[in-house]
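Please keep the structure open beside them.

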Amino acid sequence: MIHQLLDALRAHPEIAQWTVRHQQTREWQHYLIQNQPEATRDVHQELYIVTLCHSHPGPDGRAMMGKATVTLTAADREQIAAQLDAGLRIAAMTSNLPWTQPSATAWPDVPLHDEETLLDPLAAIERMAEQLQVAVAQEPQIRLSAAEFFFEERFTRLYSSAGIEVEERGTQFVLELVLLAAAATGDAAAAVDETEHFVIEKRRRLADLDVADLVADIARNARDSLVAQLPQTWNGPVVLDHNTLYELFEPAINRADAQAKFMGISPAKIGAPFLGEREVVGEPLHLALASDLPYGVRSHRFDEEGVPGQTVEVVTAGTFRRFHGGQRFADYLGVPATGEGGNLVIGPGTQAADALLQGPLFYIVAFSAMMPNGFTGDFAAEIKLGYYIDEHGVRTPVKGGSLTGNLFDALTAAQFAREVRFMGRSEVPTVIRFNRHVTIAGENQ
Amino acid sequence: MTATYFDTVVDRLRAFLPALIEEMERQVPYASVAVFANTTTRIRVDVTNEDILLDPPLIGAVITVYDGVRLWEHATHVLDNDHLRDKARDLVARALPVKKGPALQLGAMRTGHYTVPDVLRRPHDVPLQEKLELCKERLSFTRALDPRLVNAICDYRELREQKLFVDRSANVSQDLTRLSLHGILIAADKGEQDYDLAACSTTGGFEQLRLTDEQLREAKDNVIQLLTAERIAPGLWDCITTPSVSGLIAHEAFGHGTEIDMFLKDRSKGKEFLGRPVAAPIVTMYDDPTVAGAYGSHFIDDQGMPATRTPIIENGVLVQGIGDLYATSVAGLPRTSNGRRESYLRKAYTRMTNTYFAPGAHTLEEMMADVEHGVYLVSGESGMEDPKSWGIQCTIHMGKEIKHGQFTGKVFKSLALTGYVPELLGSITMVGNDFHLGSGTCGKGHKEWVPVTDGGPHLRLRGRLG
């Protein structure tokens, strides 16, 4: 099939440029409700995803380009020509400035797959499920609500009209875990009888997830939620745990996107302070997107056009350095293509996490959902669990109420822990302390 | 592989699958096969780009076997009879021996093919060029509204869902197309930037999709006001919610909390409150996939269950949950038409469809009249449920200050509405006589995205804002 498809593409006189991604995916899924298996699934999919471009003059006579994507399976073997023609007709409808294709190059050898688990994925998942149940059983007041395990293997072979022929093999593991904590008999401090805490973890390899540690963390959070109270309204320092950072930084990643810049909706300027004219009194931001991070969930050898995986230093010492983006928008801006955004990397600061956690402050370990405004950086998120830490280091669990602020304002007075932690799709300081520009809406004092 | 591929195989499979089911059920208590073809066309134009994007179609089959306790499934994109038979036999072999467990509640025999009636223009018959021109025209209109609009995006989505479901009680199929059109307006002035959006959606005919001048002008007015908006002083506020925000509350507060698969996981407080008051007596709420033309509607769910309206809250009392085949069978609760999959690649969960508060008696003027100092919550951005603790988080994009029953002109941005659900719903003192549903995409936790709507009337309530 692939040779037939490539031959048809090469022979077509009207296709200006093309890529084919041949994807073979297998996935194993296992679901527990409490300690009982609810479902076990396996999934198989094989696709040929063809992107093709058509060159034509625009309304003003300038050279323009349009693209379309058609997806084929083996069942389409007899319709290849017709499908390509249909795609080409769609590509001819849109008119954009032309862009180039990446050339064949030396792609990095980024480790992406879990060889050990691939020997018998379902057995490996079931072993992990057993380990998880054992770990849960050892936690006082804790029981399992639900767990979902997804392990996927994907082979991708990329071909392009620029002469690219490259392949990668990657795996991805997703664990969704929900634990319940019940109040101990006679526990007068418990605000409720039972609470839950959940987590979704993504890794390339099962071995990168320590199930016992994870269960211990989630169990502690669930138990603390039992006695957590609504926080006081607060305008002082707030420390965010590494678990909460990926979503919080999405507006920063958006701002550095080449497409956003081309669309006129990003104020970022190369060589200028990333936070604009705001006065920075905290530590400077270092932010990178790394698609060559070993076993990073967002790592790759090459992106869908063939741009090699790489580390893109987006912000160093508070100064904006590079836009990230694929070939099209990089061409439009006249900057090097970096490919699809990789794993979020935030540079460490100078102080230990323990020092940054000196109270009085609030330390937030989980939000119900951190979904900031991607344009402005404004955020308002309910606190799922946090702690008020007083000046003596005494921790009081809190939940409810919300943390509000603006990411770019908050980063002007931020301090980053010197310890960093790999979280699958990010490598970030273990905590970030925001000394100003964040507010907790809670009980009025 | 396109939607037409499904048309070429569906009749063959409709005839072949009953015998395969019968063969599997000689060894296991239950088997089914569901075949799906989800194809998505997106058109996105802004001032700098125009693109037509055909997402990789999700066309494939799910073979399901129940061993008395556990569901075993194989999902494949290969739809020929021999392949499906081989995989079905493998699956049965893996599921054996049969265990002792609850029987699945299959319901009455049902057959037939369902599609939206009275459609003037089937979306897949409308030329792509016409859809592209529609987007360009709406973009052009929007751009001319105000020089502070630095860009605008017109985003058309067409999701065609074809499916066939066969088990021993059903041989049913459905073909419907969900459409949405969004205008996203981005404004900048004096170093500030923000956005607002206008949206319309339907399930059915292309002629039903209308993003009006009035909607776009309102979004323009909103985004210009947001450029100078402030953050609100945290605290408890008298609030009036638009249907958009009412819907967000309905979806997050009780939609997720009454999903019966959450009952099985002991993740929902709703389980303990069935038959008990959970809201003010003037509050009634439904999940209803039968709403004609609504973006979250269907005729059959992904497990072949015919659509019916489910009353969730009636006069303030929690009366019923919503559920899929497995969850309702294990819980021993009535099955509803809420078993949905993101695609054939995923398992079926209990999912919402169109979730809304029923309209009441009050006009907006009556609701505003005696608000001393409050906020009109205009639009939501996102929400997240915590059914176990009955906590709620709604991120509100825009709020307008009300003093002495009138808007003051002051605008708030990015507000968090949080609280304890029974307190929030118990605080509802007026229910509007209007009604609107807005479209969106709902995740189960942070994944498993399916199209839904939520909405209702304006509500007057007291909420914690931050």
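This is a predicted model: local features need pLDDT of at least 70, side-chain atom pairs count only at pLDDT 80 or more; totals for chains, interfaces and linings use all residues.

1. Residues are numbered from 1 along each chain as its sequence is written, chains are lettered from A in the order in which they are written, and side-chain values use heavy atoms, with hydrogens and water left out.

2. Over all chains there are 21 aromatic pairs, a pair being two rings of Phe, Tyr or Trp (its six-membered ring) with centres within 6.5 Å, called stacked if the planes are under 30 degrees apart, edge-to-face if over 60 and tilted otherwise. The rings of A:Y31 and A:F150 are edge-to-face, because their planes stand at 85 degrees, with the centres 5.6 Å apart. Since A:Y31 belongs to strand 1 (residues 17-33) of chain A and A:F150 to strand 4 (residues 142-160) of chain A, the pair ties together parts 119 residues apart in sequence; helices (H or I, at least four residues) and strands (E, at least two) are DSSP runs numbered from the N terminus.

3. A:Y31 is buried at 0% relative accessibility, and A:F150 is buried at 3%, where buried means under 20% relative accessible area, exposed over 50% and partly exposed in between (1.4 Å probe, protein chains only). The charged end of B:K347 sits over the ring of A:Y31, 5.3 Å from its centre, the rule being NZ of Lys or CZ of Arg within 6 Å of the ring centre and within 35 degrees of the ring normal.

4. Two peptide bonds deserve a look: the one joining A:G359 and A:P360 is cis, with omega about 10 degrees, and the one from B:L96 to B:P97 is cis with omega near 0 degrees. A:P360 is in the loop between helix 10 (353-356) and strand 12 (361-367) of chain A, while B:P97 is in the loop between helix 2 (81-95) and strand 5 (110-115) of chain B.

5. Phi is positive in A:A317, near 45 degrees, and in B:W390, near 55 degrees. A:A317 counts as partly exposed at 47% relative accessibility, whereas B:W390 is buried at 1%.

6. B:N38, in strand 1 (residues 30-46) of chain B, is buried at 11% relative accessibility. Its contacts (heavy atoms within 4.5 Å) include B:P57, B:R160 and B:E342.

How values were computed:
Lists of a residue's contacts leave out its neighbours within four places in sequence.
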